[in-house]
Amino acid sequence: RDGKTPGQEQKAPPKPPKQEKPDPLKVMDEGGLEVNDAMKEKIKANPEFVKQAELDTIAEATQLAMYQRVRCSGCKAVGELLALNIASSWKASMSEEGMLEHVQGFCDSDSFPGNYQVVAPKAGAEEEQAPHLIEYKLEKLMDPYKASAVNSAKTLGRICQEHINAHDTEVAEKAMAFMKKATKKTTENQAIHSAGLQEKFDRLLCRRTCNSGKAKKEL
């Protein structure tokens, strides 16, 4: 005998309630990650896309935080490296059109961003804090940090492009006038030419950027 009362069927244990999958957009929003509209549509169409979307969103947030922290120092790095690039590649035969093309192609050249890299103030900061809370800074490194290299390069590229694109003709004209005059006095002192050009580029490219309230705080 199995102890059943006649006519009584043994009931199966109730099934546990079906767990709903968390809404990835809600999870990311609660985690403090802002997701743009294009990314939201991709996630809705393919929920498995959420991990990549999260990584992309973190990268965007990191690049924005870097940009806001080092826009002034980044602009000065643009002026320094562009001045060095022009002084070292100058030829008396260079035309105004050739100089303009040279300036316009600088941000995508091998000369930029040189050894400059945007880095967190201490190792592990990016794992411990949200990007907008990190006090990123610009440093010249002989051995670049791989962890932040991609975001740093994109950030500095953005800073370079926005300043050069806004002033490319003026930069080219100032560079031509300065180099023609400077090389009449001496053709061999590249360091002096570079320093003189850098001073002009700082005033032209970075004065407005570095005089803002945020930039003063950065400095």
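The model is predicted. Its largest nonpolar core has 43 residues. Helix α3 gives the most to this core, with twelve residues.

**Nonpolar core**

- The residues with the most contacts inside the largest core are I86, M99, F106, I164, L197, F201 and L205.
- At least two residues of this core come from each of α3 (50-89), α4, β1 (116-119), α6 (146-185) and α7 (190-210).
- In soluble globular proteins, nonpolar side chains tend to be buried together.

**M99 in helix α4**

- Helix α4 spans residues 96-104 and holds M99.
- M99 counts as buried because its relative accessibility is 1%, and the cut-off for buried is under 20%.
- Beyond its neighbours within four places in sequence, M99 contacts I86, W90, M94, A172, A175 and M176.
- I86 lies 13 residues from M99 along the chain, and their C-alpha atoms are 8.7 Å apart.

**L197 and helix α7**

- L197 is one of the buried residues of α7.
- Other buried residues of α7 include H193, S194, G196, F201, D202, L204 and L205.
- C206, T209 and C210 of α7 are buried as well.
- Helix α7 has a kink of about 40°, centred on L204.

**Strands β1 and β2**

- β1 pairs with strand β2 (residues 137-140) in the antiparallel sense, over four bridges.
- Q117 stands opposite E139 in β2.
- Y116 and V118 point one way from β1, while Q117 and V119 point the other way.
- In a regular strand the side chains alternate between the two faces of the sheet.
- Y116, Q117, V118 and V119 are all buried.

- P113 lies in the loop between α4 and β1.
- The peptide bond joining F112 and P113 is cis, with omega about 5°.
- Most peptide bonds are trans.

**Rings and charge**

- The whole structure contains one aromatic pair.
- The charged end of R158 sits over the ring of Y67, 3.6 Å from the ring centre.

Methods
Residues are numbered from 1 along each chain as its sequence is written. This is a predicted model: local features need pLDDT of at least 70, side-chain atom pairs count only at pLDDT 80 or more; totals for chains, interfaces and linings use all residues. Side-chain values use heavy atoms; hydrogens and water are left out. Buried means under 20% relative accessible area, exposed over 50%, partly exposed in between (1.4 Å probe, protein chains only). Contact means heavy atoms within 4.5 Å. Rings of Phe, Tyr and Trp (its six-membered ring) pair if their centres lie within 6.5 Å; planes under 30 degrees apart count as stacked, over 60 as edge-to-face and the rest as tilted. A charge sits over a ring if NZ of Lys or CZ of Arg is within 6 Å of the ring centre and within 35 degrees of the ring normal. A nonpolar core is a set of buried Ala, Val, Leu, Ile, Met, Phe, Trp, Tyr and Cys residues joined through side-chain atoms within 4.5 Å. Two strands pair if DSSP finds at least two bridges between them. The bend at a residue is the angle between axes fitted to the seven residues ending there and the seven starting there.
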